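Please look over the structure shown below before reading the notes that follow. They are grouped by topic.

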Amino acid sequence: MVGKRVCVLMADGTNRYGHLKKYDFNINLLLENATERVFPDFDIEETGEALDVRIEFPPRGGKFSTDIVQNAGLFNNDEELIASPGITMLRGDKISVVFLAPPDDAWMTDPLPRLFAWACARRRRRERELAGLPT
């Protein structure tokens, strides 16, 4: 994958696209000319066990449920792209997934990063709820 364009999904729900320059045994990555896709805050209304419902990707039957499309804002074009020219270092202990980015500009509409960010927001809300903190 070195020299190829990759997508990196971070444990906090953020994501970056860029050309993979190097990596090490701790999965620290160096990306060249990275771009971060920043999604608006998700309004998580579920509570309790509803937050534990499993989200599948790709979806069974090839289509996402209407609830997931609406709640995660899939296929909305409301994200912001932030370019980071030069070299960006990503720490391996903060990385969840690395995969080859779709060709051309298709990565800008790929639903997986938004779905992942929404799932991370749901997880954070569930953790706060279980800890008795305000949500």
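How do the residues of the lining of the largest pocket divide into nonpolar, polar and charged? In this predicted model, the lining comprises 7 nonpolar, 4 polar and 7 charged residues.

**The largest pocket**
- The volume of the largest pocket is about 350 Å³, and 18 residues line this pocket.
- Nearest the centre of the largest pocket lie Asp-41, Phe-42, Ala-117, Ala-121 and Arg-124.
- At least two lining residues come from each of β3 (29-38) and α2 (111-130), and α2, with 5 residues, gives the most to the lining.

**The helix α2**
- With its 20 residues, α2 reaches 29 Å from its first C-alpha to its last, which is close to the 28 Å expected at 1.5 Å a residue.
- The N-terminal end of α2 is capped by Asp-110, a side-chain oxygen of which lies 3.2 Å from the backbone nitrogen of Leu-112.
- Just after α2, a positive phi of about 75° is found at Gly-132.

**Aromatic rings**
- Arg-122 lies over the face of Trp-118, at 4.9 Å from the ring centre.
- An α-helix has 3.6 residues a turn, so residues three or four places apart point the same way.
- With ring centres required to lie within 6.5 Å for a pair, the count of aromatic pairs comes to 0.

Key
Residues are numbered from 1 along each chain as its sequence is written. This is a predicted model: local features need pLDDT of at least 70, side-chain atom pairs count only at pLDDT 80 or more; totals for chains, interfaces and linings use all residues. Side-chain values use heavy atoms; hydrogens and water are left out. On a 1 Å grid over the protein atoms alone, a cavity is a set of points where a 1.4 Å probe fits but cannot get out, and a pocket is an open set with protein on both sides within 12 Å along at least five of seven lines; lining residues have an atom within 4 Å of a point. Grid points are joined across faces, edges and corners, and a volume is the space filled by probe spheres set on the points. Helices (H or I, at least four residues) and strands (E, at least two) are DSSP runs, numbered from the N terminus. Ala, Val, Leu, Ile, Met, Phe, Trp, Tyr, Cys and Pro count as nonpolar, Asp, Glu, Lys and Arg as charged, and the others, Gly among them, as polar. The expected span of a helix is 1.5 Å times one less than its number of residues. A polar contact is a pair of N or O atoms within 3.5 Å; within protein, one must be able to donate a hydrogen and the other to accept it, and residues adjacent in sequence count only if both atoms are side-chain atoms. Rings of Phe, Tyr and Trp (its six-membered ring) pair if their centres lie within 6.5 Å; planes under 30 degrees apart count as stacked, over 60 as edge-to-face and the rest as tilted. A charge sits over a ring if NZ of Lys or CZ of Arg is within 6 Å of the ring centre and within 35 degrees of the ring normal.
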